Amino acid sequence: TAIVWDVENGKILHVLNHDQQVKTAKFSPDGKHILTTSFDRSAKIWDVESGKQVASLNKHTWIVRAGEYSYDGKYITTASGDETAILWNGVNGEYIRTLYGHKGFVYKASFSSDSRLLYTASLDSTIKVWDTRDGTLLHTMPLLGASVKSISSIYGETTILTSKDAIFHISDSTLNNNSSIFLKDSLCLVFTAKGNYMGDKEMVKLLYYITGIRTLGYDQLDVKYNRPDKVLEELGNTDTLMINSYRKAWDKRIVKLGIDTIQFSDGYSVLEADFVNKDGIAYEQKNRKLILRIKGIDNSFKLARFNIWVNEVPVYGQRGISIKNNNSVDTSIAINLSQGENRIETSITNVNGTESYRIPLIVNYAPAVKQKEKIRFVGIGIDKFADKQYNLQYSSKDIRDLAKKLKGKYGNDIIIDTLFNQNVTINNVKAVKKKLLQTSENDKVIIAYSGHGMLNSDFDYYLSTYSVNFDKPEQNGLPYDELENLLDSIPARKKLLLIDACHSGEVDKEDLIRLNASSDSLIKGVEPVAYKQEGRIGLKNSFELMQSLFVNVGKSTGATIISAAAGKQFALERDD
């Protein structure tokens with residue numbers, strides 16, 4: 001049964017009977033009817049006022065799992081274990097058509113706000129989009145194995161479908177007036193009425209956008225809408241220090257990506273970009289150079305740039321090639337292939353920071369004569385400083401030992417460059433880039449840094465140079481971005497950055513007290529520069545916050561980065 005209750009006094013008004021378990025019950029948009037679905041393979045329409053049955057919908061051959069009215073009440077849809085959805089007349093319940101195509105239980109069906117589209121979700125790990133006017137299947141969206149058994153929808157101008165393995169934000173007109181919170185185990189994602197969101201990285205990866213008949217992955221809109229600072233403001237949070245820290249983390253990301261936020265506009269669009277000559281490109285390649293014709297378009301916004309990736313390494317650096325003030329791009333580019341398999345991708349990005357979906361082209365390059373791979377090692381070690389109170393003992397030794405070990409392993413196949421102590425200056429570090437630009441696409445580059453790591457008053461991360469001001473590391477300190485920039489836009493595609501330095505976050509007064517009270521003789525009295533000031537915010541610094549918040553930041557240069565310490569940890573040296 002389904003029961004209609006008077007909410008004023010709690011009295012039962014009507015009992016609505018099925019032959020078996022009732023699965024769902026929904027009011028019509030005008031509140032005059034109720035739609036129920038049941039294990040008895042039927043759906044029924046009831047009159048709210050009288051409780052009498054208006055129509056019985058009996059075309060399904062298995063359990064009717066769900067039923068929905070369209071927003072205008074014109075249609076009803078039912079979803080069934082018989083792998084179909086059916087469209088019915090929303091007023092009198094007359095049969096319109098059956099929608100075939102799923103290969104598993106259909107667990108959920110939901111209309112677009114204009115009633116022209118119907119979304120169905122199935123245990124076959126797909127969502128299908130149908131035209132309600134003629135039943136045409138417009139699009140099938142694979143969920144990469146996601147189970148949609150627990151899918152649900154939220155009424156309003158925006159429909160949000162959620163499942164165990166995915167969150168779908170379906171926007172076909174305007175956003176609703178509510179904020180939504182999605183929970184999975186101990187993970188959380190918060191979605192506001194304006195479309196901004198914040199949450200755990202693993203939850204963000206589950207996010208998809210559906211616009212019309214196209215699907216966008218989280219990473220295509222993440223730059224604009226992953227805004228923890230705005231979410232907190234929209235929810236009425238008054239902790240300005242925390243909000244500012246989130247905003248600085250986002251600002252740092254925007255700077256790294258080279259995006260002009262002044263041109264941001266409301267809404268989002270579906271961008272398309274691909275290699276239009278890919279059908280004529282063979283998998284096996286004998287020539288080092290490959291000609292690619294790239295064509296991309298955005299019908300709604302101006303484009304900002306495009307790029308090409310080979311094995312997840314951006315050929316034209318993390319910022320790509322600028323194509324501002326155009327809605328399309330059509331160009332041919334020659335790239336060098338790496339030996340072995342090459343996964344080649346391209347995308348365009350518009351002024352909103354929205355990126356087109358990357359469709360990979362995979363080729364294998366096997367030259368007649370195998371090219372020799374060189375390794376270039378850059379070691380930066382500093383344990384002697386102009387301000388002698390911060391001298392260390394082993395940083396230079398560590399770099400020398402590492403260089404010696406690599407030389408013993410690779411012999412003449414490795415080129416070693418080192419900078420120690422007085423030679424560790426910002427200019428000398430930047431000069432290393434010229435040598436790295438002489439590498440080839442088959443080479444490997446390893447950069448290792450050992451020294452002090454510091455935060456300035458704005459929580460920006462700096463590495464020590466010989467003449468750094470430890471009280472104000474922005475004076476002669478090496479910004480982390482400068483170190484990472486050494487690996488950007490160089491020919492070598494296998495890149496590793498090792499940082500052996502204090503990389504501290506979550507700094508506050510209590511941490512300082514606990515540090516000084518430590519009984520460990522190696523830690524007691526040691527105050528890394530990041531801990532010198534009291535009353536710091538109990539959040540991560542903006543660099544580490546950026547890394548923890550935004551899923552795709554680490555892909556920017558195509559390098560692997562390994563740090564010795566994070567959070568409240570130290571990179572401390574000791575005799576053994």
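1. Tyr-95 is partly exposed in this predicted model. Its relative accessibility is 37%, and the partly exposed class lies between the buried limit of 20% and the exposed limit of 50%, so Tyr-95 falls in that class. The charged end of Lys-59 sits over the ring of Tyr-95, 4.9 Å from the ring centre.

2. Five aromatic pairs occur in the structure. One of them joins Tyr-95 to Trp-88. The arrangement is edge-to-face, with 5.8 Å centre to centre and 75° between the planes. Trp-88 is buried, at 3% relative accessibility.

3. Now the sheet. Its four strands run in the order S7-S8-S9-S10. The sheet is open and the pairing antiparallel. Strands S7 (64-69) and S10 (95-99) each have a single partner strand, so one side of each lacks a neighbour in the sheet. On average, neighbouring strands are turned by 20° against each other, direction ignored.

4. Strand S8 (residues 75-80) is joined to strand S9 (residues 85-89) by five bridges. Thr-77 stands opposite Leu-87 in S9.

5. Another edge-to-face pair is Phe-385 with Phe-470, at 5.4 Å centre to centre and 85° between the planes. This pair links distant parts of the chain, 85 residues apart. Phe-385 lies in the loop between strand S31 (375-381) and helix H5 (395-410). Phe-470 lies in the loop between strand S35 (461-463) and strand S36 (478-479). Phe-385 is buried, with a relative accessible area of 2%. Phe-470 is buried, at 2% relative accessibility. Ring pairs link Phe-385, Phe-470 and Tyr-390 into a cluster.

6. One more charge-ring contact: Arg-227 lies over the face of Trp-250, 3.4 Å from the ring centre.

Terms used:
Residues are numbered from 1 along each chain as its sequence is written. This is a predicted model: local features need pLDDT of at least 70, side-chain atom pairs count only at pLDDT 80 or more; totals for chains, interfaces and linings use all residues. Side-chain values use heavy atoms; hydrogens and water are left out. Two strands pair if DSSP finds at least two bridges between them. Helices (H or I, at least four residues) and strands (E, at least two) are DSSP runs, numbered from the N terminus. Axes are lines fitted to C-alpha atoms, for helices over the stretch in contact, and angles run from 0 to 180 degrees between N-to-C directions. Rings of Phe, Tyr and Trp (its six-membered ring) pair if their centres lie within 6.5 Å; planes under 30 degrees apart count as stacked, over 60 as edge-to-face and the rest as tilted. Buried means under 20% relative accessible area, exposed over 50%, partly exposed in between (1.4 Å probe, protein chains only). A charge sits over a ring if NZ of Lys or CZ of Arg is within 6 Å of the ring centre and within 35 degrees of the ring normal.
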